[in-house]
Amino acid sequence: MSTSIPYLTAGEFYDRVSPVRAVRALRDTLRAGFDPAEDHQRISSRLSSGEFLLMPSEAGEIAGIKVLSVAPGNPARNLPRIQGTYILFESETLTPLQLIDGVALTNVRTAAVSLAAVEDALLAGDGPLRVVLYGAGQQGMSHLLTLRAVLQGRREIESVTAVVRSAQNYAHLEDIEVVAAGSSRADEATAAAGLVLCTTTSREPLFDAQLVGPAAVVVAVGSHEPDARELPAALLGRSTVVVEDIATALRECGDVVMAIAEGELSAQDLVPMARAVRDPQLLRGNGPVVFKSSGMAWEDLVLAGAAVEAESE
């Protein structure tokens, strides 16, 4: 009996799971009745040079776990800060089926989850969409790529403005206006935006709550710690706030945790992502829509399963 487990490289994964396919797989899973509240918790284990992040999940005929290493000192060694592998299993026998590049899976998953959560709100908007992107790194560009793919032929993107700390480092970006964080132009763009994407490592709010328009959609993915946030509490207080899972958000999402602590929000106000996907009317006509993502293990499992399904097509 062979013990060799096939390995899917980053390039092969990107070829199999397009942004549109990823968004559809996530939305279809929620529409079919999967409850993220039943998912397994992420496990963090400290190491001498960083930490392991372990993300186990099970749904139907498959189970899996993503094993990531986070080594803060690696960039100085010209090595990736985050590395890892996903292991997909058959759920009944727990026989390994597939190994997948963990970073590629994460890159596709994070943006796909954001668009799966807010797709209905974006399509309900009128006119061309103005986008502001706080942070123009890997996740920022992945979100922009996914956004363009999902909206293609359905809603025009009029403009994209990237708000960054060092504008000169992003002069190479094409068709994107690059402005400095804290500048008057950054405030103007944020005030005019129909979509604000926050993909930074900031631990403090990126902009004033009153800048965000009443019909805007805001996505925040940059933190998953209870004492770090990208969004001001007052913004969450006047928005429909969508989270992947309420218990996870109360445990890991500083944007939510601190807004509640400051009296701007309550746990009862939170809308689970599954409910928002199944009932799009929840995201219409009630002020801004905020999606705060922490990343959950079920999302990786869904996309790992989609990659295996794509091979047989």
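Is Cys-198 buried or exposed? I find Cys-198 buried, at a relative accessible area of 0% (buried is under 20% relative accessible area, exposed over 50%, partly exposed in between, with a 1.4 Å probe and protein chains only).

Note on the source: this is a predicted model, in which local features need pLDDT of at least 70 and side-chain atom pairs count only at pLDDT 80 or more, while totals for chains, interfaces and linings use all residues. Residues are numbered from 1 along each chain as its sequence is written, and side-chain values use heavy atoms, with hydrogens and water left out.

**Cysteines**

I took a disulfide as a pair of cysteine sulfur atoms within 2.5 Å. The count came to zero disulfides. For Cys-198, the nearest cysteine sulfur belongs to Cys-253 and is 13 Å away.

**Strands**

Helices (H or I, at least four residues) and strands (E, at least two) are DSSP runs, numbered from the N terminus. Two strands pair if DSSP finds at least two bridges between them.

I looked up β8 (residues 157-164) and found six bridges joining this strand to β7 (residues 129-134), with the two running parallel. The chain gets from β7 to β8 through helix α4 (residues 138-151), and this β-α-β crossover is right-handed (with the strands pointing away from the viewer, the path from the first strand over the helix to the second runs clockwise). Val-132 has Thr-161 in β8 as its bridge partner.

β8 also pairs with β9 (residues 177-180), again in the parallel sense, over four bridges. Here Ala-162 has Val-178 in β9 as its bridge partner.

**Salt bridges**

How many salt bridges does a search of the whole structure find? It finds 17, each a side-chain nitrogen of Lys or Arg within 4 Å of a carboxyl oxygen of Asp or Glu.

Glu-119 and Arg-154 meet at 2.6 Å, N to O. Glu-119 lies in helix α3 (residues 102-124) and Arg-154 in the loop between α4 and β8, so this pair ties together parts 35 residues apart in sequence. Glu-119 is buried at 3% relative accessibility, whereas Arg-154 is partly exposed at 42%.

Arg-203 and Glu-225 form a salt bridge with their closest N and O atoms 3.2 Å apart. Arg-203 is in the loop between β10 (195-198) and β11 (217-220), and Glu-225 is in the loop between β11 and α6 (233-237), 22 residues apart. Arg-203 is partly exposed at 37%, and Glu-225 is partly exposed at 36%.

Asp-255 and Lys-292 meet at 3.4 Å, N to O. I place Asp-255 in helix α8 (residues 254-261) and Lys-292 in strand β14 (residues 289-292), 37 residues apart. Both Asp-255 and Lys-292 are buried.

I also noted one network, in which salt bridges that share partners join Arg-24, Arg-27, Glu-119, Asp-120 and Arg-154.

**Glu-51**

Glu-51 lies in strand β3 (residues 50-59). Which side chain of opposite charge is nearest to Glu-51? That is Arg-46, 4.0 Å away, and Glu-51 is buried yet has no salt bridge (Lys and Arg count as positive, Asp and Glu as negative; His and the chain ends are not counted). I did find a side-chain polar contact of 2.5 Å between Glu-51 and Ser-44 (a pair of N or O atoms within 3.5 Å; within protein, one must be able to donate a hydrogen and the other to accept it, and residues adjacent in sequence count only if both atoms are side-chain atoms).
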